[in-house]
Structure formats: C-alpha cells, structure tokens
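Please find below a colleague's note on the structure under review. It is set out as numbered points for reading beside the model.

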Amino acid sequence: MKSLYFLLAICFFGIYSFANEEKKKVLPSYLQKAYVIQKNAIVYTRPDFDAVQINNIPAGALVTISKKIYRPKNRFGTFYRIYISKPKKLRAYISEIDVVPRYIKSGFQFKMNPEFNQVKKKLKYVKDFQFNSDDPETILDLSDQAISKMRLIGLLVSYSWMAYESKSHTFPSWFVGVKLSGPSLPIKRIATDMNLIFSLSPPVMDKRLLKKGYIIMGDFLFKLPLFEVPHFLLHVGGGFMVKLKGARAPEKPALFEVGGGMAGSGALTIRIQNRLALLVEGKFYYNLLENKFIPAISGGFLTRF
C-alpha cells in the first residue's frame, strides 16, 4: 500500500511539474537564432552599409534573425533582418559576416549549420540580446539624423492654377495626392522628390471650360538643401512634370489631353517628431505645349519610412 502511495506521489509530482513548466517559445518558420561573432556588430535601418546605424550588439549575444538573406541594390554585402523586442514594428538589418545562424540554405531547403553548435560550446554564458527599451520608437531614435537624410512619404493638399488656359479667366484647382521624398529614391545617394496629385476640377480643353473633368499631375524633382538645422530644412528642387487632363460625362468620354514640361520648387520641412514632419511648399510649372508658367502652393504631413 505504501508503494502505491509512493507511485501516486511521483506521478502527481511529475504531472504538476509538467503543467507548470514554462512553455518554450517556438519561432516562426521564417526566423532562426544566431550568435553574434563580431565585436560591436552594427545594426542598420536598411540592408545597406550606407544606411543609418541604429545600435551595436556585443559579440556572443544570441539574436533572432530571418532565414532570408537581403542584398542591397548595389549588390555590395549581404544582410539578415534582425528582430529585436517587437518584430512586427522594428525594421533592422545586420551583416551576414557578423553572425553565425542556426540554419544555412542548401538548395531549396535549410540544414543545420555545424558552426552554430561550435560557437555555442565556446561561449560560457549566452543571453538573448535586447535594447534597453521595448518601445520601437525609442529603439529607432533618429532625432539626431538630418532631415535631408530621411526618406519621407505622406499626403498632400495643393492649390494651383493648373486648369486655366484662358487669358481672360483663371480657374484655380484643388489637388490631393502623395509625396515620396528623400535620398536613394530611386537614384543612389541622390535626394529626389516625387509627387502624384489628382483633381476633379473641370479643366479647359478645346478653348472651353468643361462641365465635368479631371486633372492628373506628376512631377519628379532633384532636391538641393539650402539651409538645415535639427528641426528645419529649407530646400529647392528642379525637374520635369507630366499632366493629363480629361473629360467625364456628360462630356465626350474620349476627350483627354497629355502635356509635359519643367517644374521647380522651394520648400520648408519642419520635423514635429522623430517620424513626423510638416511640409510647406511653393511650386511653379512650365507647360511646354501651352507656353505658360503655372504657380502652385501645397502642404501636408510626411512620415519617415
């Protein structure tokens, strides 16, 4: 009888221990663990050695990285995406030569990397690396980064005289659209500015004002900073523009017109927060077909990406 009680006690203890055992975190199939082998390995905002450096990771740290390897457009260097604190919100990358991953790709499959266990045996104490804060806004604290080095995207509201073609009348138009601005977009290390705006203001076509129509406008500018301090950037730009005007019912559905020309701008960007900026911009367009200068003003909020 005592033996039965003893066996029941052992079973109860085993079940209790199993129930209270901390569940191991299982990584998604696209992630893996890796050891950092370089002293003060650098973490970047993009898979590019010219990108902004976020922080350094000490040698011997255990980190979570992607299985996928990322290559920059210039094809120099290879990177893993590294996940720290909040994988879904933090975009960061570490050089392939700075880590030893658990798995390596072999054909279309992944196999265990023998170097991973070799590094593990050499390390006396390993701890998952974390930055001091779990807040990705704090992790990506780029408050000291120049605005001219930031890539920005946002919504614009523009007021221009794009619709007019009559010498005796002016038909101003409201536009809404998107702006993409910053270096390496798409030309490496060159600051550019791209805008695509849309208006339902009825344009003038065939020397008459349409009842219903639309205007689509796009421009691509090369930017040049004139004056910059931590929270303000004054810059100018120049480039080219394209314009599409068309009619909507009850006008002729096939009635549309394409034009192009040059564009110039002068803008002030004000950083409100690390990720948010306010833009105030003045522009002029020169339409080659109409041989006219068309002024415009615009503003909007931009966010870093």
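The points below take up model confidence, one serine and its surroundings, and a nonpolar surface patch.

1. The model is predicted. Its protein chain has a mean pLDDT of 78, with 76% of the residues at 70 or more. Over residues 15-24, however, the pLDDT is below 50, and this stretch has zero contacts in the model beyond near neighbours in sequence.

2. Residues 131-144 also call for caution, as their pLDDT stays under 50. Where pLDDT is low, the predicted coordinates should not be read in detail.

3. Serine 148 lies in the loop that runs between helix 3 (136-139) and strand 10 (152-160). Apart from neighbours within four places in sequence, serine 148 contacts Pro183, Glu228 and Leu233. With glutamate 228 there is a polar contact, side chain to side chain, at 2.9 Å. Proline 225 is 77 residues from serine 148 in sequence, yet their C-alpha atoms are 7.1 Å apart in space.

4. A nonpolar patch on the surface is formed by Leu224, Leu226, Phe227, Phe232, Leu234, Leu268 and Val280, which together have about 640 Å² of accessible area. Strand 15 (213-229) and strand 16 (232-247) each supply at least two of the patch residues. Strand 15 gives the most, with three residues.

Note on methods. Residues are numbered from 1 along each chain as its sequence is written. This is a predicted model: local features need pLDDT of at least 70, side-chain atom pairs count only at pLDDT 80 or more; totals for chains, interfaces and linings use all residues. Side-chain values use heavy atoms; hydrogens and water are left out. Helices (H or I, at least four residues) and strands (E, at least two) are DSSP runs, numbered from the N terminus. Contact means heavy atoms within 4.5 Å. A polar contact is a pair of N or O atoms within 3.5 Å; within protein, one must be able to donate a hydrogen and the other to accept it, and residues adjacent in sequence count only if both atoms are side-chain atoms. Patches are made of residues with over 30% relative accessible area and no salt bridge: like charges are joined within 9 Å, nonpolar side chains (Val, Leu, Ile, Met, Phe, Trp, Tyr) within 5 Å. Accessible areas come from the Shrake-Rupley method with a 1.4 Å probe; for residues, only the protein chains shown count as cover. A salt bridge is a side-chain nitrogen of Lys or Arg within 4 Å of a carboxyl oxygen of Asp or Glu. pLDDT is the predictor's confidence in each residue, from 0 to 100.
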